[in-house]
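Here are a few exercises to work through with the model open beside you. Try each task before you read its solution.

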Amino acid sequence: MTIERAESQCWLTDMDGVLVHEGNALPGAADFLQRLVDRQRRFLVLTNNSIFTPRDLAARLARSGLSVPEESIWTSALATADFLSSQLPGGSAYVIGEAGLTTALYEAGYTLTDTDPDYVVLGETRTYSFEAITRAIRLVGAGARFIATNPDVTGPSPEGPLPATGSVAAMITKATGAEPYFVGKPNPMMFRSAMNRIEAHSESTTMIGDRMDTDVVAGIEAGLDTILVLTGSTRADDVARFPFRPGRVLPSIAEVIELV
């Protein structure tokens, strides 16, 4: 069993809580990324955050001392654009979100409009506009299909939790009765689109995450080997409460290096 896991050809890893914490690289993260490059393993760094473009995120990681090319970053915004372009190529969308989401949809061939769009697409934003939410409610009520990048209800900030995509989606749902389709984790769709991006197969891909309720469950549902690291949201004594288990539980990304 251990030998099979050690031979993973492709790796998916969450970003926050695995590689970085509050803008600082976690111990072992730089060496892990270097090992992937040295062993010529295909990999993607994943995040449910749809605010930033891969170029933005690559720059942020570089400031923390981690070298990740932008083409090796996969966000919920990219996964959403990939999903929509497969469902309705060249469609239109009314978007509540930042550059990460609008750029991804634009590059996927979507027209961004507030008039009779095919979809209302909700992502993370630093300042939710009441006018924009009102417009989204009216468009969904008029028949636009409702998509959201990820179901996270809060996000972190130095002052405490902030309302996030899931909370605003709930407001739109309450007003319209329409439930959104969430593309990001824990939807395994995000991992499948990531694997397609690097031509990976589930039986030879490992997912590393810090959350049982998003990273690990989505990895299991996508048929991947899973590793939970204890440097983020989930503590060791939390694991037994879940009805599923990761392939391994390790203290940090530093202990994953030897498995690559």
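**Exercise 1. Find which residues of the largest nonpolar core touch the most other members.**

Solution. Start with the term: a nonpolar core is a set of buried Ala, Val, Leu, Ile, Met, Phe, Trp, Tyr and Cys residues joined through side-chain atoms within 4.5 Å. Buried means under 20% relative accessible area, exposed over 50%, and partly exposed in between (1.4 Å probe, protein chains only). The largest core has 31 residues, and Leu-12, Leu-46, Trp-74, Leu-84, Leu-105, Val-121 and Phe-191 touch the most other members.

Next, the elements: β1 (10-14), β4, α4 (76-87), β6 (92-96), α5 (99-107), β8 and α8 each give two or more residues to this core. Helices (H or I, at least four residues) and strands (E, at least two) are DSSP runs, numbered from the N terminus. The top contributor is α4, with 6 residues. Apart from this core lies another, of 28 residues, including Ala-29, Val-256, Ile-257 and Val-260.

A word on the source: this is a predicted model, where local features need pLDDT of at least 70, side-chain atom pairs count only at pLDDT 80 or more, and totals for chains, interfaces and linings use all residues. Residues are numbered from 1 along each chain as its sequence is written, and side-chain values use heavy atoms, with hydrogens and water left out.

**Exercise 2. List what Leu-84 is in contact with, leaving aside neighbours within four places in sequence.**

Solution. Contact means heavy atoms within 4.5 Å. With that cut-off, the partners of Leu-84 are Pro-89, Leu-105, Tyr-110, Tyr-119, Val-121 and Ile-147. Two of these names, Leu-105 and Val-121, you've already met among the core residues that touch the most other members.

**Exercise 3. Work out whether Ser-204 is buried or exposed.**

Solution. First place Ser-204: the loop between α8 (189-197) and β13 (205-209). Its relative accessible area is 18%, so it counts as buried. Then check the partners: beyond its neighbours within four places in sequence, Ser-204 is in contact with Ser-8, Gln-9 and Cys-10.

**Exercise 4. Look at the backbone: what is the phi of Gln-40, and what is that of Asp-116?**

Solution. Take Gln-40 to begin with: phi is near 55°, positive in a residue other than glycine. Gln-40 sits in the loop between α2 (29-38) and β4 (42-47), and is exposed because its relative accessibility is 71%.

Now Asp-116, not a glycine either, with a positive phi of about 50°. Its loop runs between β7 (111-112) and β8 (119-122), and its relative accessible area is 68%, so Asp-116 is exposed.
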